[in-house]
Amino acid sequence: MAFTLGNLQLTSNLFLSPLAGYTNLPFRLTIREIGGVGLCTTDLVNARSLLERNRKAHKLIETCPADRPLAVQIFGTVPEEMRDAAVLLESLGIDSVDINMGCPVRKVCTIGGGSAMMTNHAATTHLVKMMVAAVKIPVTCKMRLGWDDDNLTAPDLARALADVGAAAIIVHGRTRQQGFSGTVNRAGIRAVVAAVKNVPVVGNGDITTPVAAKRMFEETGCAAISIGRGAFYNPWIFQHTRHYLATGELRPDPTFDERLAVMTRHLDRMVEVFGESVGCRMFRKIATQYSKCFGPSRVFNKRMVLLNTREQFDAIVADYRRWREQFLDADHRLLPQYEPRPLDEAPAIATPQGPNELW
Ligand SMILES: Cc1cc2nc3c(=O)[nH]c(=O)nc-3n(C[C@H](O)[C@H](O)[C@H](O)COP(=O)(O)O)c2cc1C
């Protein structure tokens, strides 16, 4: 469904969530080529580093004309820096700027950024107001439900931020205390939807299938959804969800050959953007996400985690194709006992584990 975000017209209300270390230009282009996504967001970037023209920070916002519309997510606590970073992003042609208010990592929270912004409404509202006043592009806020179960501040904070001009509120339905554990709290997101009347609320968390996407819309009343890890397990999720929401029909899973073709293009883009050596090393953890849908893949993963060159990749894939044949029937389909687990039961992308203080 089409969606209006501030002054932006988006063709879809299905968004890609920021995943630090994953949602770089090659991945965004891969997702966009498959289709169905309305807005992609970069990994979080330090606002001050952007202003200081730090090379690594600017690499994180690298984009190209096919990578549109694009939101850049920034974090920081100094209102002037956040404002100036937003102005800089607008001048670079970025379509929207998102503020990270959900990051649980200690390095970000101890300086009052990320989730800690949810504990000081006055300061956070002031910061957002300054940013909104300085740019024409939409300013959005991505938050959790609150710091912990005793401090579910999202509804009040979201209302205050909408009142000072935030163009949308994106809510990951977990608290900071929860990290990534447990399941997403859709009732918590619904409470934010109920509290914010004048701007759209975007529901986020645990959407790994089109059915889960529909449930998020239905149970929260959100105007859009944002998908993170689910897009990594299945880059087709946006296209399939759009089809399912429009027709009620579930599209068949992509074939092994289709997955290989998309994975190969993804790697080619990594090599193009990061160079062969760095691109291949970064691709090690990505290849093992793709292989979750391949059926038996231990042999493939063991070699992919040592990937160094593009040529090696072709050799690994060719060898794996041959090895995998033992699990196929006469029609070249995986024998039922080797089918991978359904995506909503798939083991998660590595997330920070253990006590939050140690993240
Ligand atoms: C590896 C990883 C990196 C993440 N990086 C960011 C980030 O940079 N900014 C942010 O707002 N959220 C980040 N998140 C949170 C996701 O955007 C999202 O809110 C969360 O994973 C729940 O949605 P999902 O179940 O669809 O992944 C990250 C999550 C993971 C697993």
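1. Angles under 35 degrees count as roughly parallel, over 145 as roughly antiparallel, 65 to 115 as roughly perpendicular, and the rest as oblique. Helices α9 (residues 210–220) and α11 (residues 237–247) pack at about 60°, their axes 9 Å apart, and are therefore oblique to each other. Axes here are lines fitted to C-alpha atoms, for helices over the stretch in contact, with angles running from 0 to 180 degrees between N-to-C directions. Helices (H or I, at least four residues) and strands (E, at least two) are DSSP runs numbered from the N terminus.

2. This is a predicted model, in which local features need pLDDT of at least 70 and side-chain atom pairs count only at pLDDT 80 or more, while totals for chains, interfaces and linings use all residues. Residues are numbered from 1 along each chain as its sequence is written.

3. Pro-210, Ala-213 and Lys-214 of α9 meet His-240, Thr-241, Tyr-244 and Leu-245 of α11 (contact: C-beta atoms, placed from the backbone, within 7 Å). By class, four residues of this contact are nonpolar, two polar and one charged.

4. Leu-157 belongs to helix α7 (residues 154–163). Leu-157 counts as buried because it has 26 C-beta neighbours inside 10 Å; the buried class requires 20 or more other C-beta atoms within 10 Å of the residue's own, placed from the backbone. Thr-125 stands 32 residues from Leu-157 in sequence and 8.0 Å from it in space, C-alpha to C-alpha.

Methods
A residue is buried if 20 or more other C-beta atoms lie within 10 Å of its own, exposed if 12 or fewer, and partly exposed in between; C-beta atoms are placed from the backbone. Two residues are in contact if their C-beta atoms, placed from the backbone, lie within 7 Å. Ala, Val, Leu, Ile, Met, Phe, Trp, Tyr, Cys and Pro count as nonpolar, Asp, Glu, Lys and Arg as charged, and the others, Gly among them, as polar.
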